[in-house]
Amino acid sequence: MRFKATLENYVFVLPAVLIFLIFYVIPFIWVFQLGLFDWDGILPTKTFVGLDNFKEIFFQDKIWWQSMLNAGWITFIALTLQNAVAFLLAMACNREIKLKHFYRLIFFIPPVLSEVVVGLVWQWILDGNYGLLNGWLVQLGLPNLVRNWLSDPNTALTTVAIVHSWKGFGWGFLIFLAGLQTIPREFYEAARVDGANAWDSFRKITIPLMVPVAVLVAILTVLGTMQAFVLITAMTGGGPAYHTQVPVLRILASMRGSSRFGYACAQGINFGLILMAISFIQYRFSRKARNT
Amino acid sequence: MRTIAYYKSKKIAVNAIIHLLLIAVTITCLFPLFWMVSSSLKTQETIFKDMSLIPREFHFENYILAWREGGFGRYFLNSILYTVSVVAGIIIIASLAAYAFSRLRFPGKNFLFFMFMAAMMIPIPGSFVPLYVLLSKLHLRNTALGYILCMVNVGLSTSIFLLKTFFDKLPLELEDAARMDGCSKLGIWWHVALPLAKPVLAVVVVFNALNVWNEYVLALIIFDNKNLMPLQRALMMFRGEFLTDYPLLMAGLTITALPIIIVYLLMQKYIVKGVTSGALFG
C-alpha cells in the first residue's frame, strides 16, 4: 500500500524528469565528453584527442579571445549606459508623476520583441546606403557623420552594443523600479524632517538600499549580454571580418561552419566556466560591498 | 523666505524636464516599430529613395505577398502550433511536478528538485551542439515533436520553480476537504490545485509563450525543412535569400511582432509580476 502510494507519487514527476534527463542532462554530459574528441558530427568514428581542443583554444584561437573581448565590450556598455538609463528612468517613474504607467508600458516593449525582429529593423535603419539614420544626417547637414554603421570596423561593435542596450534597458528599468517602490516613504520624510535635502536622501537612503538590486541587475546583465548573439547575427552576422564576433557565434561557426563538433563543445565548456567565474566574483564582491 | 509659489513652480519645472526625458525615450522605443510598419507599406521601387515617415501610398498588398508568396502564412501557423503545444505541455508537466515537489512524499524528492534548480543557475552556452547530435540519433531533427520537446525542456525549470513556490504557500485545508470527499491525488491536482494556481499559471503561460515565439537558435539547428520553420528562423532565411526585398521583409517582421505586442499589452500585468518576482530570466 505504502509502496503503491510512493509509485503513484513518482508518476507526477516522471514526465518532467524524463524530458529533463533526455534534453538537459544527456547533452550536459555529452558536452564534456565530446570536448575531448575530434569529430565532424557525421562519421561514426570519433578521434580521442585528450585536451588538445582546449590547448588550441588557449594558445592558437585568437578569434575566440577576440570574440570574448567583443562580448566584453558590449557587456561593458550594457552595464554602464544601459543600466544607467534604466536606473535614471526608474527614478523618474518612481515620482508622483502623470502617465507613469504609460511610460512603464512602453519601456518594456523592446524587451518583449524578438532579437531577430529588433536586429533586422535596426539593420534597415542603420543601413549604410539606404538607411534612415544616414538619410537624416544628410538632411541635417551633417554628411561627414554618415557611416556604414554596421560594416565599418570602427563603429560596428559599438553600434551593435547600443542597439543591444536599446533592447535590454526595460528589464533593468522594471527591476530598479520595483526595488525603489519597496523603500518606505517614511525614510525620506524622516530625513526631510532632519533637514536633509534631496541629494542627501538620495545618497544616504536610495543608494545604500538599492545596492542589492543593482547587484542582481548587474549579474543578469553580464550573463545575458555575454551570451547574446541572435541580435548580432541579425544585424551583422559577426562581420565585418570578425569585428562583431561573440563566443556563442564562434561555437555555432565551429559546429556548422567547420563541422568541428568536439571543438565547439570545448569552446562551450570554456565559455561556461568563464561565465560562472564572473558571476561568482560579482556575487562575492557584492557581499563584501554590503558588509562594509 | 521662499514662498509656496516658488516651490510649486520649481516642482512644475522639474516635472516638465522629467516628462521631456521620458517622452524622448518613449519615442526612441516606438519609432523603430513605426518605421518598420511604414517601410512595409512602400514598394521595392520607392523604398530606397522615399524616406518619408508616412508612405505616399499604402501598399497593403505587401502583406498578402509576404503571407502567400513569402510563405509567412505557413511560418505563422507553425509558430502558433509550437507556441500552443509547448505552453500546454509545460503547464501540464511542470504543474504535475511542482505539485509533487510541494505536497507529495517520495525518496529522492529533494535531489530531483535540486537538479531542476541547478539547471537554472548553470549556463551551458554550447548545449545546442550535443542537442543536435541527440536529436539526429533519435530521428527528431526536422520534426515538430523534436522542437516542441526541446522547448518544453527550456521552460520547465523556471515554471516548476514558480509553481512550487506558489503551491507551498497554499493552505492545505481545501485539499484536505477534497481528500475527505474521496478525491484522488490526480483529481486534487486537477480540480483543486490547478484552478487555485491561475494567477501564477498566467505568468507561466505569458513568459513561455513569449519565449517560444521569439526563439531562434534551436529552430536554427533543428529545422532545414522550410515547411516546418517558425517565424524567427524563416525571417533570417528570407533575409538571406532576398537580401534587398525590404518591403516584404518589413511586412514579415510586422507579422511576427504584432501578436507579441498584442499579447504583451493584454497581459502586461503578469509580465511585470514575473519580472519583478526576479525568477524569470531565460
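At what angle do helix α7 and helix α8 of chain B pack, and how far apart are their axes? Keep that in mind while you set up the viewer.

**Before you start**

This is a predicted model: local features need pLDDT of at least 70, side-chain atom pairs count only at pLDDT 80 or more, and totals for chains, interfaces and linings use all residues. Residues are numbered from 1 along each chain as its sequence is written, while chains are lettered from A and ligands numbered from 1 in the order in which they are written.

Helices (H or I, at least four residues) and strands (E, at least two) are DSSP runs, numbered from the N terminus.

**Stop 1: α7 and α8 of chain B**

Select residues 173–180 of chain B for α7(B), then 185–196 for α8(B). The two helices pack at an angle of about 140 degrees, with their axes 10 Å apart. Axes are lines fitted to C-alpha atoms, for helices over the stretch in contact, and angles run from 0 to 180 degrees between N-to-C directions. That angle makes α7(B) oblique to α8(B). Angles under 35 degrees count as roughly parallel, over 145 as roughly antiparallel, 65 to 115 as roughly perpendicular, and the rest as oblique.

α7(B) passes α8(B) in a right-handed crossing. A crossing is right-handed if the near helix is turned clockwise from the far one by less than a right angle, and left-handed if anticlockwise.

Now show side chains. From α7(B), pick L174(B), E175(B), A178(B) and R179(B). From α8(B), pick I188(B), H191(B) and V192(B). These residues make the contact. Two residues are in contact if their C-beta atoms, placed from the backbone, lie within 7 Å. By class, the contact of α7(B) with α8(B) has four nonpolar, one polar and two charged residues. Ala, Val, Leu, Ile, Met, Phe, Trp, Tyr, Cys and Pro count as nonpolar; Asp, Glu, Lys and Arg as charged; the others, Gly among them, as polar.

**Stop 2**

Select α6(B), residues 144–169.

Among the contact residues are G155(B) and F166(B) of α6(B), and N208(B) and V212(B) of α9(B). The contact divides into eight nonpolar, four polar and no charged residues.

Step back to the loop between α5 and α6 of chain B, and find N142(B). N142(B) has a positive phi of about 60 degrees although it is not a glycine. Most residues other than glycine have a negative phi. N142(B) counts as partly exposed, with 15 C-beta neighbours inside 10 Å. A residue is buried if 20 or more other C-beta atoms lie within 10 Å of its own, exposed if 12 or fewer, and partly exposed in between; C-beta atoms are placed from the backbone.

**Stop 3: where the chains meet**

Show both chains. The contact takes 66 residues from chain B and 69 residues from chain A. On the chain B side, the helices that each supply at least two residues include α1 (4–40), α3 (72–103) and α12 (246–276). Which helix gives the largest share of that side? α12(B) does, with 13 residues. The side of chain B that touches chain A has 51 nonpolar, 12 polar and three charged residues.

**Stop 4: α8 and α10 of chain A**

Move to chain A. Select α8(A), residues 156–181, and α10(A), residues 198–226. They pack at an angle of about 155 degrees, with their axes 10 Å apart. α8(A) and α10(A) are therefore roughly antiparallel. Their crossing is right-handed.

In α8(A), H164(A), G172(A), I175(A), F176(A) and G179(A) meet residues of α10(A), including M210(A) and T225(A).

Stay in α8(A) and click V160(A). Is V160(A) buried or exposed? V160(A) is buried, with 29 other C-beta atoms within 10 Å. V160(A) and M235(A) are 75 residues apart in sequence, yet 7.5 Å apart in space, C-alpha to C-alpha.

**Stop 5: two loops of chain A**

Go to the loop between α11 (230–235) and α12 (247–257) of chain A, and select P240(A). A cis peptide bond joins G239(A) and P240(A), with omega about -5 degrees.

Finish in the loop between α12 and α13 (261–291) of chain A, at S259(A). Phi of S259(A) is positive, near 50 degrees. S259(A) counts as partly exposed, with 14 C-beta neighbours inside 10 Å.
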